[in-house]
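Me: I have a model open and some labels to check. Can we go through them one by one?

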Amino acid sequence: MAKALLLSLLIFSGSVLADEATKQQKIDELINVMNMDAMVDSMYGQVEGMMKNMSAQMGVKPSEQAIFDKYYADMTNVLKTEMSWKKMQPMMVNVYDKHFNEQEIADMLAFYKTETGQKILQKMPVVMQESMQMSQSLVQGAMPKIQEIAGELSEELKASRQQEN
């Protein structure tokens, strides 16, 4: 009886491990099909654009450009080191493993292998960048009102604290 139970447990655990390996292989393939490593590279391009905008917003003068360039190079180096695909890849696998079951991974994989899926993957970085720019624009438009409310809050708190003393 004990041998039959042990054999059943071994077969079951082997089946679970095989399912996990299959899911893991599908996640790896999905990440490959989605070209996530290229998306990380495109992120660096977006950061470069933001840095150029930052240079203009900060009013960096030609005489200060070397200082700004050093800062930019240091920041880029930190990003490429700390946010490299080599570091992100195992984390992405864990995220997909945590939030999607094997069938969902298989369905995404099937979709992203289609022409439409590939088009979406190609266009998504631009769509995300434009969406972020739009959001930043809306936030900038709201900033004066937010600052006014924050100022009023600060004044009320200050008055309340003076009354307590």
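Reply: Start with contact: it means heavy atoms within 4.5 Å. By that cut-off, M36, D37 and V40 in α2 meet W85, M88, M92 and Y96 in α4. Keep in mind that this is a predicted model.

Me: What makes the contact of α2 with α4 nonpolar, polar or charged in its residues?

Reply: The residues divide into six nonpolar, no polar and one charged. Met, Val, Trp and Tyr count as nonpolar, and Asp counts as charged.

Me: How is the packing of α2 and α3 described?

Reply: Their axes are 11 Å apart, at an angle of about 155°. The cut-off for roughly antiparallel is over 145 degrees. That makes α2 roughly antiparallel to α3. Here too, α2 passes α3 in a right-handed crossing.

Me: Which residues of α2 and α3 meet?

Reply: From α2 come Y44, V47, E48, M51, M54 and S55. From α3 come Q65, F68, Y71, Y72, M75, L79 and K80. These residues divide into nine nonpolar, two polar and two charged.

Me: Why does A38 count as partly exposed?

Reply: A38 has 40% relative accessibility. Buried means under 20%, and exposed means over 50%. The value of 40% lies in between, so A38 is partly exposed. A38 sits in helix α2, residues 36-57. C-alpha to C-alpha, A38 is 9.0 Å from W85 in space, though they are 47 residues apart in sequence.

Me: What is the phi of N35, and where is N35?

Reply: N35 has a positive phi of about 50°, although it is not a glycine. N35 lies in the loop between α1 and α2.

Me: How confident is the predictor in the protein chain?

Reply: The average pLDDT is 82, and 87% of the residues score at least 70. Among the elements, helix α5 (residues 102-112) has the highest mean, 94. Helix α1 (residues 2-33) has the lowest, 67. Where pLDDT is low, the predicted coordinates should not be read in detail.

Technical notes
Residues are numbered from 1 along each chain as its sequence is written. This is a predicted model: local features need pLDDT of at least 70, side-chain atom pairs count only at pLDDT 80 or more; totals for chains, interfaces and linings use all residues. Side-chain values use heavy atoms; hydrogens and water are left out. Helices (H or I, at least four residues) and strands (E, at least two) are DSSP runs, numbered from the N terminus. Buried means under 20% relative accessible area, exposed over 50%, partly exposed in between (1.4 Å probe, protein chains only). Axes are lines fitted to C-alpha atoms, for helices over the stretch in contact, and angles run from 0 to 180 degrees between N-to-C directions. Angles under 35 degrees count as roughly parallel, over 145 as roughly antiparallel, 65 to 115 as roughly perpendicular and the rest as oblique. A crossing is left-handed if the near helix is turned anticlockwise from the far one by less than a right angle, and right-handed if clockwise. pLDDT is the predictor's confidence in each residue, from 0 to 100.
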